[in-house]
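Subject: Handing over a structure

Hello,

Here is the structure I promised to pass on. Please open it first, then read my notes below.

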Amino acid sequence: MKQNTSDKKILWYSLAFMAFSTVWGFGNVINGFSEYGGLKAIVSWLLIFAIYFVPYALMVGEMGSAFKEAGGGVSSWVHETIGPQMAYFAGWTYWVVHMPYISQKPNGALIAASWAVFQDSRISQMNTLILQLVCLAVFFIALYVASRGLGILKVLTTLAGSAMFVMSILFILMMMAAPVITGGEFIDIDWSVKNIMPTFDKNFFLSLSILVFAVGGCEKISPYVNKMKNPAKDFSKGMFALAAMVAVCAILGTIALGMMFDSNNIPNDLMTNGAYYAFQKLGEYYHVGNLFVVIYAITNCIGQFSTLVISIDAPLRILLDSADRNYIPAPLFKKNKFGAYINGNIMIAVIVSILIIVPAVGIDSVDTLVRWLVKVNAVCMPLRYLWVFVAYIALKRAGEKFHAEYRFVKNKTFGMIFGGWCFLFTAFACILGIWSEDKFQLALNIITPFVLIALGFVMPMVAKRTNK
């Protein structure tokens, strides 16, 4: 009994810290600074936290509380509230949107490796086709490792992720202290309204998907809701604390970058090399040379590769372990002696190989390629969040059928309105994120999500033939 009591004693601030390390990353600050005109990103972040992130996180808490025994995450919530067929589509969406994400990881690993070895931005000058062919080789190495079921990579991912998280926080703290301690040369920040207030123009709305992508994914913390000391009161405290922590890091991180980079003259390669430029300049301020950038690059390289392996393996396991077998072809369930799904990995190999090579045919700049990878992920990844809001609307519609110790809102109608708002906002951001002035990139942005989702409708038809 004592063990069970202690298991339920996660305090609100503990949950906030647990969630913070899974939701936020330094790359989000870089992307926001790059896409929203430097310091103008501050107000953009505050808006997205207030109107989207907070209600999203609180909805996740209610569903985690209502379905505390459900092990399949979002697909389990949809299964309980709607049914097995929709649960399959939720599970498929969760899995398939990882394909562009997987295709991005070798790119990130190679950029990090280049900075670790050379400590400069030479990779931006590389031929994109050659770069992507090397990325393809890295992907196949990761696929082989994933097929061997090597658990050590989970430890490496945790260690590298924790190290990058700590360095991100240290970067902010050290930059805030740098003007006093180092006496280096910094950009004087103009705090006029004109300089920090975003212009709500076409570019603002076309980049919304990047903000949505940055703050999404908090459904990962849902299993911990019922392990709290007082879920009914403390979960909302934890989520407001999380929002405050993320907002502070986004604001201070943006200010720190504003001290380094001119908001009116942002480097074109900031998405590619921005994090490394930042740590390189930090090392210069503190007179330690490239120490910080090398440490960050090495940890990022390890983290990118190990995350690549886990992203190949884990989402596929979630899909196949939790889905109704009536909707998935039987051959996909075949395993090797290490417990890896052989044919599932082959399907990943085909999809990801196409996603790696095709963009290099029409994109001739590494910096443009990196930016496109961020944009296409910002369009595809949030599609899985849509199912969170579908499940929440269904949960509220069911009334008192499902008991939840914690409730975001008790009123059925208000709950459905909040769920509908977040659904529409996510869909709106994803649709606008598709736009590109480059016709080739626009075509890829349209084809990629539609084909990936369409494959989900093909699988049940194949299953009818193969599962007899």
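A residue counts as exposed when its relative accessible area is over 50%, and as buried when that value is under 20%. Keep those cut-offs in mind for what follows. Also keep in mind that this is a predicted model.

Start with Phe 450. This residue sits in helix H20, which covers residues 439-466. Its relative accessibility is 58%, so Phe 450 counts as exposed. Phe 450 and Cys 380 are 70 residues apart along the chain, and their C-alpha atoms are separated by 9.4 Å.

Now the whole chain. What does the secondary structure come to? There are 20 helices and zero strands. The C-alpha trace spans about 65 × 50 × 50 Å along its principal axes.

Residues 24 or more positions apart account for 83% of them.

Next, surface and charge. The accessible surface of the protein chain comes to about 20600 Å². Carbon and sulfur atoms hold 64% of that surface. The chain has 35 positive and 24 negative charges.

H13 runs over residues 231-258 and has 28 residues. From first C-alpha to last, H13 reaches 39 Å, close to the 40 Å expected at 1.5 Å a residue. H13 is mostly covered, with 20 of its 28 residues buried.

H18 runs over residues 383-397 and has 15 residues. Its reach is 22 Å, close to the expected 21 Å. H18 is mostly covered too: 12 of its 15 residues are buried. Among them are Trp 387, Phe 389, Tyr 385 and Tyr 392. Arg 384 and Lys 396 are also on the buried list. After H18 comes Gly 399, with a positive phi near 70 degrees.

Is Gln 304 buried or exposed? Its relative accessible area is 15%, so Gln 304 is buried. The residue lies in helix H15, residues 291-322. Leaving aside residues up to four places away in sequence, Gln 304 touches Lys 105, Gly 108 and Ala 109.

Last, some backbone angles. Most residues other than glycine have a negative phi. Two residues here are worth checking against that.

Gln 119 is one. It is not a glycine, yet its phi is positive, about 55 degrees. Gln 119 sits in the loop between helix H7 (98-118) and helix H8 (128-147). At 23% relative accessibility, Gln 119 counts as partly exposed.

His 287 is another. Its phi is near 60 degrees, again positive in a residue other than glycine. Where does His 287 lie? His 287 is in the loop between helix H14 (270-285) and H15. Its relative accessibility is 69%, so His 287 counts as exposed.

That is what I found. Over to you.

Best wishes

How values were computed:
Residues numbered from 1 in each chain as written. Predicted model: local features only at pLDDT ≥ 70, side-chain atom pairs only at ≥ 80, totals over all residues. Heavy atoms only, no water. Helix = DSSP H or I, 4+ residues; strand = E, 2+ residues; numbered from the N terminus. Contact = heavy atoms within 4.5 Å. Areas by Shrake-Rupley, 256 points an atom, 1.4 Å probe, with all protein chains shown as cover. Lys, Arg positive; Asp, Glu negative; His and termini not counted. Charge placed at Lys NZ, Arg CZ, Asp CG, Glu CD. Expected span 1.5 Å × (residues − 1). Buried < 20%, exposed > 50% of the residue type's maximum accessible area, 1.4 Å probe, protein only.
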